[in-house]
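This briefing is meant for a reader meeting the structure for the first time. Please keep the sequence and the model side by side while going through the points below.

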Amino acid sequence: MPNFRVNYDKILEVLKGLGFPSESFLHQIRKPKLSDLGVIALTFTAEYMSIDSEHQLFWILPFDLHFLIERSVYNRRKRKLFFQIELVRKKLAEILGKGENCFIVDSMPLEICKLSRSGRSRICKETDYAQPNKGYCASQKLHYYGYKLHAVCSAKGIFQSLDISPASVHDVQYLKDIKIQLRSGLLLADKGYLSAVYQLDLFESRQIKLEVPMRENQADYKTHPFVFRKSRKRIETLFSQLCDQFMIRRNYAKSFAGFKTRILSKITTLTIIQYINNSLNRNINNLKINIA
């Protein structure tokens, strides 16, 4: 596929421009043919082109890249590079998010298997601290088995922070992490984050003003301003793009390490496309576009 090689070279060029001191991050006795930065670029290229299966990826991989790495080795190295992929995402978010002081927080369900299989499923159960469980998504009126993706994005649509929790964890619990990750500004949320205690704590400790629409049965009910409701749609659009182009809800992983690496790779690839669009003075959130 000639387009694959062109897209790979473009993404690798962006990664090299982020100022890493070396293209190798992992300690290896023998120098691999494909550098760690090359493995990350290969992962991002596959996600950008909606190639969601490693079997499909290595079936269409150009010979000059296929010759450099074997499929099982690629899988293991990609999981080990989780923290370096997160570092790439943070670097890109820092560049794109300069001067931002308005953020949006929300969550979305990540189903790993159907509820009928949850009792006998062994997927992602190798670690005690991150085992999936049953949860409920109020916006979709959906009972599911798996995890929940918590995310904060800027008003422009740049993911600033994210986390994965078991499905049963309430949205409001993520505000504890936000207090550590954000310093100040306006934070827009839906009714799932309604809590006077957390709202006061965020403002007093980090000068973060949490804006949540009131429930109609609350005392002194006030309509949520239209500008806040309109701004909140940005993160909902990003979630829709993750589901559509990046197929984030389709899971092939068997371990939690593989699962979280897949999720992070998809979100970082989205951020790389935004970075390329920004450098070309295009709409950064137009993701279905040629990058090279």
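Predicted model: local features only at pLDDT ≥ 70, side-chain atom pairs only at ≥ 80, totals over all residues.

Leaving out residues up to four places away in sequence, P132 touches I112, I123, C124, K125, Y145, G146 and Y147.

**P132 and its surroundings**

- P132 is found in the loop that runs between β1 and β2, and with a relative accessibility of 7% P132 counts as buried, because the cut-off for that class is under 20%.
- Although P132 and P166 are 34 residues apart in sequence, their C-alpha atoms are 5.1 Å apart in space.

**Helix α2 against helix α10**

- The axes of α2 and α10 lie 9 Å apart, and the two helices pack at an angle of about 80°, so α2 and α10 are roughly perpendicular to each other.
- On the α2 side the contact is made by T43, F44, E47 and Y48, while α10 brings R262, S265, K266, T268, T269, I272 and I273.
- Sorted by class, the residues of this contact between α2 and α10 comprise four nonpolar, four polar and three charged.

**Helix α5 against helix α6**

- Helix α5, covering residues 71–80, and helix α6, covering residues 82–96, have axes that come within 4 Å and cross at roughly 60°, which means that α5 is oblique to α6.
- In this pair, K78, R79 and K80 of α5 meet F82, Q84 and I85 of α6, and by class the contact has two nonpolar, one polar and three charged residues.

- T43 has its place in helix α2, which spans residues 36–48, and T43 is buried, with a relative accessible area of 2%.
- When its neighbours within four places in sequence are left aside, T43 is in contact with Y74, K78 and S265.
- How many cavities of 30 Å³ or more does the structure hold? There is one cavity of that size, and about 100 Å³ of space lies in the largest cavity.
- The lining of the largest cavity is formed by T43, A46, E47, I51, D52, S53, E54, L57, Y74, K78, R262 and S265, and this list includes T43 together with its contacts Y74, K78 and S265.
- Two or more residues of that lining come from each of α2, α3 (54–60), α5 and α10 (256–279), and α2 gives the most, with three residues.
- By class, the lining of the largest cavity divides into four nonpolar, three polar and five charged residues.

**The largest pocket**

- The largest pocket has a volume of about 510 Å³, and of the 22 residues that line the largest pocket, C137, A138, S139, D171 and D190 are the closest to its centre.
- Which elements each supply at least two residues of the lining of the largest pocket? They are the strands β1 (102–113), β2 (133–137) and β3 (142–154), together with the helix α9 (226–244).
- The lining of the largest pocket has, by class, eight nonpolar, five polar and nine charged residues.

Notes
Residues numbered from 1 in each chain as written. Heavy atoms only, no water. 1 Å grid on protein atoms, 1.4 Å probe; cavity = no way out; pocket = protein on both sides within 12 Å on 5 of 7 lines; lining within 4 Å. Points joined across faces, edges and corners; volume = space filled by probe spheres on them. Nonpolar A, V, L, I, M, F, W, Y, C, P; charged D, E, K, R; others polar. Axes fitted to C-alpha atoms, helices over the stretch in contact; angles between N-to-C directions. Parallel < 35°, antiparallel > 145°, perpendicular 65-115°, else oblique. Contact = heavy atoms within 4.5 Å. Buried < 20%, exposed > 50% of the residue type's maximum accessible area, 1.4 Å probe, protein only.
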